[in-house]
Amino acid sequence: MTLLARRPTTSFAQAPEGLFAAVCCDVQDLGLIAGAYGAKDKVRLVWQLDVTMDTGRRYEVARVYTLSLHERAALRKDLESWRGKAFTEKELEGFDLERLLGVQAQIQVVQRLGDDGTIYANVATVISPAKGHPKLAPVDFVRLKDRQNGQSNGHARELAADDIPF
């Protein structure tokens with residue numbers, strides 16, 4: 001008997017490159033994640049773009065951040081760019097990321113080739129929304145914390161005939 005491990009196939013298209021209007025639709029607490037420099041608290045921000053796939057669904061992009069407002073932290077840099085202003089000393093004592101839900105932004109998406117040969121759509125920049133752009137609201141999106149087991153937002157892994165879900 002052989003023991004074969006393989007990369008799962010996915011059923012979603014990568015977001016195109018460019019600058020897009022977007023709305024923050026989820027803030028996900030990933031907890032402690034082990035990394036090269038030890039375990040760090042991580043959070044994932046998810047946005048829906050104002051661009052639709054062939055299926056009519058909006059593209060979704062996400063970025064994982066270390067949960068820190070240190071002056072060199074990517075989360076702080078992106079939040080300040082998005083807000084268009086620096087944090088005050090009072091805000092640096094604690095900023096509730098749940099406040100980001102439904103907030104408009106412009107997202108710069110770039111595509112990168114992964115080590116496995118797969119192309120990934122990455123969030124490169126988050127900036128303030130363009131003046132006069134119509135407000136977006138999340139469409140057909142269920143937050144990760146509100147999903148039932150196995151429920152997704154249309155990005156489910158395709159199971160092969162011999163797959164047994166555990």
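This is a predicted model: local features need pLDDT of at least 70, side-chain atom pairs count only at pLDDT 80 or more; totals for chains, interfaces and linings use all residues.
A residue is called buried under 20% relative accessible area, exposed over 50% and partly exposed in between, using a 1.4 Å probe and protein chains only. Numbering starts from 1 along each chain as its sequence is written, and side-chain values use heavy atoms, with hydrogens and water left out.

**Overall layout**
- The chain has two helices and five strands (DSSP runs: H or I of at least four residues for helices, E of at least two for strands).
- Reading from the N terminus, the order is β-β-β-α-α-β-β.

**Burial and surface**
- The chain is 166 residues long, and 30% of them count as buried.

**Around Phe87**
- There are two aromatic pairs in the structure (Phe, Tyr or Trp six-membered ring centres within 6.5 Å; planes under 30 degrees apart are stacked, over 60 edge-to-face, the rest tilted).
- Phe87 and Phe95 have ring centres 5.2 Å apart and planes at 70°, so they pair edge-to-face.
- Phe95 is buried too, at 16% relative accessible area.
- Arg83 puts its charged end over the Phe87 ring, 4.2 Å from the centre (NZ of Lys or CZ of Arg within 6 Å of the ring centre and within 35 degrees of the ring normal).

**Another charge over a ring**
- The charged end of Arg147 sits over the Phe141 ring, 5.6 Å from its centre.
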